[in-house]
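Keep the viewer open as you read.

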Amino acid sequence: MEKLGIKRLDLQKLLAPAALVILYVAFSLIAKDAFFSLTMVQNILESSYYIGFMAFGVTFIIITGGIDLSLGTVMMCSALLGAYTFKQLQWPLIAAVFVTVGVGTVFGFLNGNLVARLKLPPFISTLGTMMMSQGIGSILTKTQSQTWPIATDPVGGWFKQVFIRANIFGIDRFPVGALWLIGFFVIAALILHQTKFGRYTYAIGSNEEAARLSGINVDAWKVGVYTLSGFFVGMAGLMYAAAYTTITPGTGNGQEMNGITGVVIGGTSMSGGSGSMVGTLIGVFIMAVLKNGLSACGLQAPWQTFFTGLVVIGAVLLDIQRTKAANRVKKS
């Protein structure tokens, strides 16, 4: 029985890679040549950048047994305020880049203190910061859309070339953003799997009280986890700005589900204590393929939202089944 349980768990690890392949093949058959074009591959990559950075950060949070509903609105608020400082306040573009990352980090630090120090449930505290970030962005920009520079702008034209795409190595529209995504994936994986920070993250998610009794300062490490996630959300804001240029106040609701669903599809348990960055990266590409595949099939935005919602429900059901299987293995 134990061997059967272990084999079942091993097979479940293959579900996400298999789902990615099946999804891509299915959309290729439906959308035909459009899905094999270089433009579509570039679109999938560019969609994965901001989802990936959100997912890397929230992986740490979910492993601790927490959740962050403010990912999407904080990402948009970060990008919005970064563009505002560049366009309206006439700050140097490099300063706007640091503002964008800084805003996300500050909101992460706030979430961590609300959850760890004030003992608010993660669902409630991050729901509050979700609305706060949405409001702050709209108030400071007076509900006016903000734009980041495009590649042909005389001032700041380097922004897209550095963060999203550039004509280098003899390749037109080389996906520079993929290098950022892979680089930070490696950093996040090393932090999670090779450092004390990662070990404590798993320990808190597995049994918070046991971690506390073993001498771990759980509250401080939780603040660190949410702050790190905030940094990644700030980076997601940069990647979103580089990909789409125009940032609209009051948006971002629902974007968090792309990141969270990618994490859960990738094998991280919503109950905490288990997960991996490799799984998260696969889940991110599944969400990016789904986003672009539904659009390539000609489905309008409401249908895209509907099917994304189905994937969210399916991911949670899959997580429940994984948890039950793991518990059966432990009992046997």
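This is a predicted model: local features need pLDDT of at least 70, side-chain atom pairs count only at pLDDT 80 or more; totals for chains, interfaces and linings use all residues.

First, the ground rules. Residues are numbered from 1 along each chain as its sequence is written, and side-chain values use heavy atoms, with hydrogens and water left out.

Start with the voids. Rolling a probe the size of a water molecule over the atoms shows where empty space is left. Here the search runs on a 1 Å grid over the protein atoms alone, and a cavity is a set of points where a 1.4 Å probe fits but cannot get out; lining residues have an atom within 4 Å of a point. Grid points are joined across faces, edges and corners, and a volume is the space filled by probe spheres set on the points. With that rule, two cavities of 30 Å³ or more turn up.

The largest cavity has a volume of about 60 Å³. Its lining counts 13 residues, and the closest to the centre are Met76, Cys77, Leu80, Gly250 and Thr251. Helices α5 (71-87) and α7 each give two or more residues to this lining; helices here are DSSP runs of H or I with at least four residues, strands are runs of E with at least two, and both are numbered from the N terminus. By class, the lining has five nonpolar, eight polar and no charged residues. For these classes, Ala, Val, Leu, Ile, Met, Phe, Trp, Tyr, Cys and Pro are nonpolar, Asp, Glu, Lys and Arg are charged, and the others, Gly among them, are polar.

The second largest cavity holds about 40 Å³ of space. Among its lining residues are Asp68, Leu71, Val74, Phe107, Asn111 and Tyr226. Helices α5, α6 (93-116) and α12 (218-244) each give two or more residues to that lining, which by class has five nonpolar, six polar and one charged residues.

From first C-alpha to last, α5 reaches 24 Å, close to the 24 Å expected at 1.5 Å a residue, where the expected span is 1.5 Å times one less than the number of residues.

Now for an open space. A pocket is an open set with protein on both sides within 12 Å along at least five of seven lines. The second largest pocket has a volume of about 330 Å³, and the closest of its 15 lining residues to the centre are Gly254, Asn258, Gln304, Thr305 and Thr308. Helices α13 (255-265), α14 (277-296) and α15 (301-331) each supply at least two lining residues, with α15 giving the most, at six.

Last, the single residues. Gln42 sits in helix α4 (residues 38-63) and counts as buried, because its relative accessibility is 9%. Beyond its neighbours within four places in sequence, Gln42 is in contact (heavy atoms within 4.5 Å) with Asp172 and Arg173. Lys142 lies in the loop between α7 (122-140) and β1 (146-147), and its phi is near 55°, a positive value in a residue other than glycine. Lys142 counts as exposed, at 61% relative accessibility.

Key. Buried means under 20% relative accessible area, exposed over 50%, partly exposed in between (1.4 Å probe, protein chains only).
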